[in-house]
Amino acid sequence: MSWKLTAYASKPVVQAALLEHDEREEWDFDLVISGREIAEDKPQDWVLEAWYPSEPGAQQKRAIASLFAGPNGGKTPKITSEKLPDEDWLTLSQLGVDPIRAGRFCVHTPEHAPNASEGVVNLAIPASQAFGTGQHETTASCLAMLDAMKKTGVVARNIADIGTGTGLLAFAARALWPKALLTASDIDEVCAGVVTHNAGLNQVSEGAGPGAVTMVIAAGTDDPLIEARGPYDVLIANILAGPLVDLAPDFAAATTQGGHVLLAGLLQRQEDEVRRAYRAQGFRLAARQTNGDWSILWLRKRR
């Protein structure tokens, strides 16, 4: 038998809670949490759901409530507990996450069928364990921006995805540049197993050769393997504004002359600070997108 905790709130409140969840290192990532709109005709009304293999108590309810305590949360919504039928509780959690389209990509959980439309690149990512399922505005916009980079003729032979989470953006880059070397890294050790699992779901090989993904646990680019495999034609970092600013010199050193960086995880009000940091390192703006409160930046390093 399985259980579910449910909290109803507005879209930005639930999304802020999900982002808070993704930033918590102490969270038990064997427990699944997701958010979705409650109906197509009510796109601003969302629900946060958390699934448990046994009855959640006061401690579990407090943990969910604490996700709403951040600056973007406000008043904690009512949290209700529900006993579910004797079914696969992980599968139930995935079914509430609808596939998303971004550029040529369709990101779906394994429980949804792939999109059969011509030219669509399907990527299967379970909605659990690590940040980067495609549901968040920053991840979806990174997919769209990568597609735009490919369409404008960007050539990538060596790619790094820093803060890879689920591996989604690395897999997408591989689909666009299938012969490139790919390095994926994250500071969170849980991501190594997540990326391996998701690579299997998407028929992505792991290894050091062209078209394979090499996974590294590291903070930023501070790792001998990341340094040895560089410099990179395309460097992707969907993290947070503070680390993006701090890592600007390291990213500049890790990027080829004329190379590209794709930055996300920054709010629009943080964009000027991030762009100043990279302009000082010789980058210029190639393109930008906004999605909700977020900015996504494509920058190119001057030759």
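Biologist: Arg-275 and Glu-271 both lie in helix α10, four residues apart, which is about one turn of the helix. What does Arg-275 form with Glu-271?

Modeller: Please keep in mind throughout that this is a predicted model. The general idea is that side chains of opposite charge can pair when their charged atoms come close. In this structure Arg-275 forms a salt bridge with Glu-271, and the closest N and O atoms of the two are 3.0 Å apart. Glu-271 also forms a salt bridge with Arg-288, where the closest N and O atoms are 2.8 Å apart. Because Glu-271 belongs to helix α10 and Arg-288 to strand β13, this second pair ties together parts that are 17 residues apart in sequence.

Biologist: Is Glu-271 buried or exposed?

Modeller: Glu-271 is buried, with a relative accessible area of 4%, and residues under 20% count as buried. Its two partners are partly exposed, Arg-275 having a relative accessible area of 26% and Arg-288 one of 39%.

Biologist: Which residues of helix α10 are buried, and why do they line one face of the helix?

Modeller: As a general idea, an α-helix has 3.6 residues a turn, so residues three or four places apart point the same way. In helix α10, which spans residues 271–279, the buried residues are Glu-271, Val-274, Ala-277 and Tyr-278. Seen down the axis of α10, these buried residues fall within an arc of 130°, and therefore they line one face of the helix. Among the elements that cover them are α8 (241–246) and α9 (248–253), together with the strands β12 (255–267), β13 (283–291) and β14 (294–301).

Biologist: How many salt bridges does the structure hold, and which parts of the chain does the pair of Lys-4 and Glu-49 link?

Modeller: The structure holds six salt bridges. One of them joins Lys-4 to Glu-49, with the closest N and O atoms 3.1 Å apart. This pair links distant parts of the chain, since Lys-4 sits in strand β1 (residues 2–10) and Glu-49 in strand β3 (residues 45–52), 45 residues apart. Both ends are buried, Lys-4 at 12% relative accessibility and Glu-49 with a relative accessible area of 4%. Lys-4 and Glu-49 are also linked with Glu-82 in a network of salt bridges.

Biologist: Let us turn to a sheet. What is the order of the strands in the open sheet of three strands, and which are the edge strands?

Modeller: The order is β5-β6-β7, with mixed pairing. The edge strands are β5 (100–102) and β7 (121–124), each of which pairs on one side only. Neighbouring strands of this sheet are turned by 25° against each other on average, direction ignored. Strand β6 (residues 105–108) runs antiparallel to β5, and three bridges join the two, whereas β6 and β7 pair in the parallel sense over four bridges.

Biologist: How many residues does the largest nonpolar core have, and which residues does Ile-236 touch?

Modeller: The general expectation is that in soluble globular proteins, nonpolar side chains tend to be buried together. Here the largest nonpolar core has 38 residues, and those with the most contacts inside it are Leu-143, Leu-146, Met-149, Ile-159, Phe-171, Trp-177 and Ile-236. Helix α5 (residues 168–176) provides the largest share of this core, seven residues. Leaving aside residues up to four places away in sequence, Ile-236 touches Leu-146, Ile-159, Ala-160, Asp-161, Ile-162, Leu-169, Ala-173 and Leu-262. A second, separate core of 24 residues includes Ile-226, Leu-266, Ala-277 and Tyr-278, which brings us back to helix α10, where Ala-277 and Tyr-278 are among the buried residues.

How values were computed:
Residues are numbered from 1 along each chain as its sequence is written. This is a predicted model: local features need pLDDT of at least 70, side-chain atom pairs count only at pLDDT 80 or more; totals for chains, interfaces and linings use all residues. Side-chain values use heavy atoms; hydrogens and water are left out. Buried means under 20% relative accessible area, exposed over 50%, partly exposed in between (1.4 Å probe, protein chains only). The arc is that of the directions from the helix axis to the C-beta atoms. Contact means heavy atoms within 4.5 Å. A salt bridge is a side-chain nitrogen of Lys or Arg within 4 Å of a carboxyl oxygen of Asp or Glu. Two strands pair if DSSP finds at least two bridges between them. Axes are lines fitted to C-alpha atoms, for helices over the stretch in contact, and angles run from 0 to 180 degrees between N-to-C directions. A nonpolar core is a set of buried Ala, Val, Leu, Ile, Met, Phe, Trp, Tyr and Cys residues joined through side-chain atoms within 4.5 Å.
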